[in-house]
Amino acid sequence: MAARKAGLIALFDVDGTLTAPRKESTPQMLKFMQELRKVVTVGVVGGSDLVKISEQLGNTVTNDYDYVFSENGLVAHKDGKLIGKQSLKSYLGDEKLKMTKKYLDGMQMICRNLLTLPSITLLTWIFQ
Ligand SMILES: [Mg+2]
């Protein structure tokens, strides 16, 4: 087997990339990923928890890939071992978490309102 390329990691999203959204991966995709792992370090990244990612990529997922980042990277496995775990609540604290949620809610409202404005109003606003 050829040596894997040092200093290079290929990261893949799970839903919509390695699998159809929320579905299991195909045997062909799983085989391809293992072939790829022979030549480069491979990691997978998903928004779901490890239970869901295991349902999609197989229950040996943490051993099948060099890195598995579940919960959008809040939980990290390397070579089958847990190497990191974080929660937004403990990292940010209650106050910053509330501020972040308030900010995101505000941004969501702005985006929603922009999409419902008549286009002439939007263009006027943009070119002011
Ligand atoms: Mg995706």
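Of the contacts in the chain with a separation of 6 or more, 52% are accounted for by residues 24 or more positions apart, where contact means heavy atoms within 4.5 Å. The model is a predicted one, in which local features need pLDDT of at least 70 and side-chain atom pairs count only at pLDDT 80 or more, while totals for chains, interfaces and linings use all residues. Residues are numbered from 1 along each chain as its sequence is written, and side-chain values use heavy atoms, with hydrogens and water left out.

**View 1. The whole chain, with its five helices and five strands.** From the N terminus on, the elements follow the order β-α-β-α-α-β-β-β-α-α; helices (H or I, at least four residues) and strands (E, at least two) are DSSP runs, numbered from the N terminus. The accessible surface of the chain is about 9200 Å², and 61% of this area belongs to carbon and sulfur atoms, with areas taken from the Shrake-Rupley method with a 1.4 Å probe and, for residues, only the protein chains shown counted as cover. Buried residues make up 23% of the 128 residues, where buried means under 20% relative accessible area, exposed means over 50%, and partly exposed lies in between (1.4 Å probe, protein chains only).

**View 2. The magnesium ion and its coordinating residues, Asp13 and Asp15.** Asp13 contributes OD and Asp15 contributes O, at 2.1 to 2.2 Å from the ion. Donors are N, O and S atoms within 2.8 Å of the metal (3.2 Å for Na, K and Ca), and the site may look incomplete because water is not among the atoms. Aspartate 13 is partly exposed at a relative accessible area of 36%, and aspartate 15 is likewise partly exposed, at 25%.

**View 3. The buried and exposed faces of helix α1 (residues 27–37).** The buried residues of this helix are Met33, Leu36 and Arg37. They lie on the same side of α1 because they cover an arc of only 100 degrees around the axis, the arc being that of the directions from the helix axis to the C-beta atoms. An α-helix has 3.6 residues a turn, so residues three or four places apart point the same way. The buried residues of α1 pack against β1 (9–13), β2 (41–45) and α3 (61–64), whereas the face turned away from the buried side carries the exposed residues Pro27, Gln28 and Lys31.

View 4. Threonine 62 is buried, with a relative accessible area of 14%, and, not counting residues up to four places away in sequence, touches Leu50, Val68, His77, Asp79 and Gly80. Glycine 58, by contrast, counts as partly exposed at 26% relative accessibility. The C-alpha atom of glycine 58 is separated by 8.9 Å from that of leucine 30, the two residues being 28 apart along the chain.

**View 5. The salt bridge between arginine 4 and aspartate 66.** A salt bridge is a side-chain nitrogen of Lys or Arg within 4 Å of a carboxyl oxygen of Asp or Glu, and the side chains of this pair meet at 2.9 Å, N to O. The pair links distant parts of the chain, with arginine 4 in the segment before β1 and aspartate 66 in the loop between α3 and β3 (67–70), 62 residues apart. Arginine 4 counts as partly exposed at 34% relative accessibility, whereas aspartate 66 is buried at 3%.

**View 6. Two further salt bridges, aspartate 79 with lysine 78 and aspartate 94 with lysine 89.** A search of the whole structure finds seven salt bridges. The side chains of aspartate 79 and lysine 78 meet at 3.2 Å, N to O; aspartate 79 is partly exposed at 40% relative accessibility, and lysine 78 is partly exposed at 33%. In the bridge between aspartate 94 and lysine 89, the closest N and O atoms are 3.9 Å apart, and aspartate 94 is partly exposed, with a relative accessible area of 46%. Elsewhere, salt bridges that share partners join Arg4, Arg37 and Asp66 into one network.

**View 7. A nonpolar surface patch made by Tyr103, Leu104, Met107 and Ile110.** The patch has an area of about 400 Å². Patches are made of residues with over 30% relative accessible area and no salt bridge, like charges being joined within 9 Å and nonpolar side chains (Val, Leu, Ile, Met, Phe, Trp, Tyr) within 5 Å. Tyrosine 103 has its place in helix α4 (residues 88–116) and counts as exposed at 53% relative accessibility.
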